[in-house]
Amino acid sequence: MFGQGLIKGLSITLKHLFDKKLTEEYPEVKPNLPDSFKGSFMLKVPKCIACGLCANACPNNVIKIESEKDENNKKKLTGYKMMAERCLYCGFCVEACPTKALLWTKEFENAVYIREMVNLDLFSSYVPSPDDEKPAKPKKQDEETAQAS
Ligand code: SF4
Ligand code: SF4
């Protein structure tokens, strides 16, 4: 029928005219971002065991870890830098972390005037939180194989 498309289009326009408005008043009101949003990074330093799995998983050599041995000959994190200007936001590093020390944040207002300023020093910028004190026990491959057999 002639004009059928026009009528259909106008009916959709009319429907949306009276729908609840979805406009977000940013920056006055911060947007409600999904949990999967990848904004920036956060490192829960006490949970980090300096294993280096995140750095190994990174395809673009973004992560630089510094560590030393403590009195019990265990690795202790002494530095954690991210050359975020090279980051692909692939998330491999976060997925690889066995203790959930490295996490995404919803911080998205990351624009800066100088390129180098996007780089992150997650060790020095860490703010202690009581929830971070105990490092999560990493999954041991032997435990999994023992359970399977
Ligand atoms: S998100 Fe991807 S590119 Fe960025 S630091 Fe992690 S592994 Fe590397
Ligand atoms: S993978 Fe996790 S625990 Fe290992 S060095 Fe990276 S942030 Fe630390």
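Biologist: How many helices and strands does the chain have?

Modeller: The model is a predicted one. Its chain has four helices and five strands. Read from the N terminus, the elements follow the order α-β-α-β-β-α-β-β-α.

Biologist: How much of the chain is buried?

Modeller: The cut-off for a buried residue is 20 or more other C-beta atoms within 10 Å of its own. Buried residues make up 13% of the 149 residues in the chain.

Biologist: Why is helix H1 said to lie largely in the open?

Modeller: The number of buried residues among the 14 of H1 is zero, so H1 lies largely in the open.

Biologist: How do you know that the span of H1 is close to the expected one?

Modeller: The expected span is 1.5 Å times one less than the number of residues. H1 has 14 residues, and the distance from its first C-alpha to its last is 20 Å, close to the 20 Å expected.

Biologist: Which residues of the largest nonpolar core touch the most other members?

Modeller: This core has 18 residues, and those that touch the most other members are Phe41, Leu43, Ile63, Met82, Leu102 and Leu122. At least two residues of the core come from each of strand S1 (40-43), strand S2 (63-69) and strand S3 (75-82). S3 gives the most, with three residues.

Biologist: Which residues does Leu102 touch?

Modeller: Two residues are in contact if their C-beta atoms lie within 7 Å. Leaving aside residues up to four places away in sequence, Leu102 touches Phe41, Leu43, Cys54, Cys93, Val94 and Cys97. As for the chain in general, 76% of the contacts with a separation of 6 or more are between residues 24 or more positions apart.

Biologist: How do you know that S2 and S3 pair?

Modeller: Pairing needs at least two bridges between the strands. S2 and S3 are joined by seven bridges and run antiparallel, which means that they pair under this definition. In one of these bridges, Glu68 has Lys76 in S3 as its partner.

Biologist: What makes S2 and S5 edge strands?

Modeller: The open sheet has three strands in the order S2-S3-S5, with antiparallel pairing. S2 and S5 each pair on one side only, and they are the edge strands.

Biologist: What is the phi of Asn73, and is this residue buried or exposed?

Modeller: Asn73 has a positive phi of about 65 degrees although it is not a glycine. Asn73 belongs to the hairpin of S2 and S3, which has five residues between the strands. Asn73 counts as exposed because it has 6 C-beta neighbours inside 10 Å.

Biologist: Why does Tyr89 count as exposed?

Modeller: Tyr89 has 8 C-beta neighbours inside 10 Å, and therefore it counts as exposed. Tyr89 is in the loop between S3 and helix H3 (92-96). Its phi is near 60 degrees, a positive value in a residue other than glycine.

Biologist: Which peptide bond is cis?

Modeller: The bond from Tyr26 to Pro27 is cis, with omega near 10 degrees. Pro27 lies in the loop between helix H1 (4-17) and S1.

Biologist: Which residues come nearest to ligand 1?

Modeller: Cys58, Val62, Cys87, Cys90 and Cys93 come nearest, out of 14 residues around ligand 1. The shell of ligand 1 divides into twelve nonpolar, two polar and no charged residues.

Biologist: Which residues are the closest to ligand 2?

Modeller: Ligand 2 is surrounded by 13 residues, and the closest are Cys48, Cys51, Cys54, Cys97 and Leu102. By class, this shell has eleven nonpolar, two polar and no charged residues.

Key. Residues are numbered from 1 along each chain as its sequence is written. Chains are lettered from A and ligands numbered from 1 in the order in which they are written. This is a predicted model: local features need pLDDT of at least 70, side-chain atom pairs count only at pLDDT 80 or more; totals for chains, interfaces and linings use all residues. A nonpolar core is a set of buried Ala, Val, Leu, Ile, Met, Phe, Trp, Tyr and Cys residues joined through C-beta atoms within 7 Å. A residue is buried if 20 or more other C-beta atoms lie within 10 Å of its own, exposed if 12 or fewer, and partly exposed in between; C-beta atoms are placed from the backbone. A residue is near a molecule or strand if its C-beta atom, placed from the backbone, lies within 6 Å of it. Ala, Val, Leu, Ile, Met, Phe, Trp, Tyr, Cys and Pro count as nonpolar, Asp, Glu, Lys and Arg as charged, and the others, Gly among them, as polar.
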